[in-house]
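Please read it alongside the sequence and the model.

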Amino acid sequence: MSRDQRRVVRELVGAHGRTYAEEAGIRLKDTPQPLYRLLVLAHLLSARIRGSVAVATACALYEAGLRDPRRMADADWQERVDALGRGGYRRYDERTATQLGDAAELLTGRWGGDLRRLRKEADGEVPEVRRLLQEFPGVGPTGADIFLREAQCVWPEAAPYLDRKALQGAERLGLPGAPDRLLDLAGSTEPAVLAAALVRASVDKEVARDTLDRAG
C-alpha cells in the first residue's frame, strides 16, 4: 500500500506540482512586493470562485500597476473594479475592490507596507501570524491558510503547512491524513508544492481521478 501511495503522490506532483504563486507569475521571495502580491492572491483565492479566475485576476491587477500596497491604496476604486473585471472576478468585484484598498491602507499604515514586519510582530509564531493576517479585510481563516501554505517556502517556520483543504485532497486520493506521513510519501518535494498539488485534487475531481488512473 505504501508503494502504491508513493506512486499516487509522484503522479500528482508530476502533473500538478506547481504553487499558485508560480502560476500567477509571482517569483516568491522574502521581500515586500512578492509577499504583498501573494497576500492579494490569497485574498482572491479564498472566495468561492475558480482558482484559474483568481490567478488571472491577480495577474490583471499586476498588469494594471497595482503591484504594491501604496499603489493599490492610491488607485481609484473604479480602477480596481475594472482590473478585477478584466481578470474575470466580476461576481465579487465591487466588494473586493473596497477590501483591497482598505487592506493596502492597513498594511501601509501599520506595517509600513512590509509583511515581514507583521511576521516580526508575531515573533515568527505561526498561529499569531495567521491571526494577524485575518485582520486584513477579506482575508479570513481560508485566506490566511492559503497565504501560509504558499509562503512556507520563504518563511520556513511555517513549514510544513498542510491545511484542511490540502488534507481533503489527500483523503480524496486515498492518502494518509497525517501531514508527516504525506511528507514522507512525497520525499524531496517541497511542502508548498505538495500542498498546492493536494489542494488541486481537493477542488477538482478530474485531477484526483486522472491521478489515480495514472497511478494504476
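Phe147 is buried, at a relative accessible area of 1%; buried stands for under 20%, exposed for over 50% and partly exposed for what lies in between, with a 1.4 Å probe and protein chains only. The model is predicted, so local features need pLDDT of at least 70 and side-chain atom pairs count only at pLDDT 80 or more, while totals for chains, interfaces and linings use all residues. Residues are numbered from 1 along each chain as its sequence is written, and side-chain values use heavy atoms, with hydrogens and water left out.

**Nonpolar core**

- The largest nonpolar core contains 75 residues, and Leu115, Leu133, Phe136 and Phe147 have the most contacts inside it; such a core is a set of buried Ala, Val, Leu, Ile, Met, Phe, Trp, Tyr and Cys residues joined through side-chain atoms within 4.5 Å.
- Helix H3 (residues 32-45) supplies the largest share of this core, 9 residues; helices (H or I, at least four residues) are DSSP runs numbered from the N terminus.
- Beyond its neighbours within four places in sequence, Phe136 is in contact (heavy atoms within 4.5 Å) with Leu39, Ala103, Leu106, Leu107, Trp111, Leu115 and Leu118.

**Aromatic pairs**

- The whole structure holds 2 aromatic pairs; rings of Phe, Tyr and Trp (its six-membered ring) pair if their centres lie within 6.5 Å, and planes under 30 degrees apart are stacked, over 60 edge-to-face and the rest tilted.
- Trp111 and Phe136 form a tilted pair, because their ring centres are 5.6 Å apart and their planes are at 55 degrees.
- Trp111 belongs to helix H7 (residues 93-111) and Phe136 to the loop between helix H9 (126-133) and helix H10 (141-151), so the pair ties together parts 25 residues apart in sequence.
- Trp111 and Phe136 are both buried.
- Phe147 and Trp155 make an edge-to-face pair, with 5.5 Å between centres and 65 degrees between planes.
- Trp155 is buried, with a relative accessible area of 1%.

**Charges over rings**

- Arg37 lies over the face of Tyr62, 3.8 Å from the ring centre; the criterion is NZ of Lys or CZ of Arg within 6 Å of the ring centre and within 35 degrees of the ring normal.
- The charged end of Arg200 sits over the ring of Tyr20, at 4.1 Å from its centre.

**Cysteines**

- The disulfide count is 0, a disulfide being a pair of cysteine sulfur atoms within 2.5 Å.
- Cys59 is in no disulfide, and the nearest cysteine sulfur, that of Cys153, is 17 Å away, too far for a bond.
- Cys59 is partly exposed, at 21% relative accessible area, and Cys153 is partly exposed at 41%.

Technical notes: Helices (H or I, at least four residues) and strands (E, at least two) are DSSP runs, numbered from the N terminus.
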